[in-house]
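Thanks for making time this morning; I would like to walk through one structure with you, a few residues at a time. Please have the sequence and the model open while I talk.

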Amino acid sequence: MLSSEEASAEPGAEDAAAAGPAPRSGQGGADGMTWWYRWLCRLAGVIGGVSCAIAGVWNCVTIDPLNIAAGVWMVLNAFVLFLCEAPFCCQFIEFANAVSARADKLRYWQKAIFYCGMAIFPVFLRFSITTLFGNGIAFASGVLYGLASLGKKLQDRNMADEEKLTGTINRETAAQ
């Protein structure tokens, strides 16, 4: 085994560190999430960030302070979504990769609560068509991550139910 100093001196160690964190057992290829669903969640986050940014700027063009506050919050939501889901969009910000790596370590249900909570706050602050539709896709991204966290559990539960049902059917045929 190499010490951490020797490992960092190896060629390519910096490339592996810059490539991002290694997937955890809860969130890698072993989590049961397909590659297209993972990309769908990321794409929904990026499109949600774009919609939050556009609607947030539109919300700020008013004299109502609650609209301005909701618009500023939506622009901040867009920034956070871009940092977490597409750090390459923020390549000139020094801490973008660190934030993205930390967001990748979150479990899917934590991302779901975080994204949905960020999207709901401006709607409660000022309910309007702009805040509702601007945050809708960001909220949908949170819902997709929430479904990803339930996916494996529901699949296991359905398999157990099917086994119980199959066992019941086999016992009935054996009794006849």
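F124 sits in helix 6, and since this is a predicted model, everything I say about that residue and the others is computed from predicted coordinates. Is F124 buried or exposed? With a relative accessibility of 71%, F124 counts as exposed, because the cut-off for that class is over 50%. F124 is also one of the residues that build a nonpolar surface patch of about 550 Å², together with I120, F139, V143, L147 and L150. Two elements each give two or more residues to that patch, namely helix 6, which covers 108-125, and helix 7, which covers 129-175. Which of them gives the most? That is helix 7, with 4 residues.

Staying with helix 7, let me turn to S141, which is found in that helix. S141 has a relative accessibility of 0% and therefore counts as buried. If we leave aside residues up to four places away in sequence, S141 touches C41, A44, G45 and Y115.

Why does the pair tie together separate parts of the sequence? W73 lies in helix 4, residues 65-85, while F121 lies in helix 6, so the pair links parts that are 48 residues apart in sequence. Both partners fall into the intermediate class of accessibility: W73 is partly exposed at 33% relative accessible area, and F121 is partly exposed at 38%.

Another pair is that of Y115 and Y145, with ring centres 5.8 Å apart and planes at 65 degrees, so the arrangement is edge-to-face; the cut-off that matters here is an angle over 60 degrees. Since Y115 lies in helix 6 and Y145 in helix 7, this pair ties together parts that are 30 residues apart in sequence. Y115 and Y145 are both buried. These two tyrosines also belong to one aromatic cluster, which they form with Y108 and F114.

How many disulfides does the count come to? The count comes to 0 disulfides, where the rule asks for a pair of cysteine sulfur atoms within 2.5 Å. As for how accessible individual cysteines are, C60 is partly exposed, at 28% relative accessible area, whereas C84 is buried, at 7%.

Let me finish with the protein as a whole. There are 7 helices and 0 strands, and read along the sequence the pattern is α-α-α-α-α-α-α. Of the 176 residues, 30% count as buried. The protein exposes about 11,700 Å², and carbon and sulfur atoms supply 67% of that area. Finally, among contacts with a separation of 6 or more, 67% are accounted for by residues 24 or more positions apart. If you take one place back to the screen with you, let it be Y115, which touches the buried S141, pairs edge-to-face with Y145, and is part of the aromatic cluster.

Conventions
Residues are numbered from 1 along each chain as its sequence is written. This is a predicted model: local features need pLDDT of at least 70, side-chain atom pairs count only at pLDDT 80 or more; totals for chains, interfaces and linings use all residues. Side-chain values use heavy atoms; hydrogens and water are left out. Patches are made of residues with over 30% relative accessible area and no salt bridge: like charges are joined within 9 Å, nonpolar side chains (Val, Leu, Ile, Met, Phe, Trp, Tyr) within 5 Å. Accessible areas come from the Shrake-Rupley method with a 1.4 Å probe; for residues, only the protein chains shown count as cover. A salt bridge is a side-chain nitrogen of Lys or Arg within 4 Å of a carboxyl oxygen of Asp or Glu. Buried means under 20% relative accessible area, exposed over 50%, partly exposed in between (1.4 Å probe, protein chains only). Contact means heavy atoms within 4.5 Å. Rings of Phe, Tyr and Trp (its six-membered ring) pair if their centres lie within 6.5 Å; planes under 30 degrees apart count as stacked, over 60 as edge-to-face and the rest as tilted.
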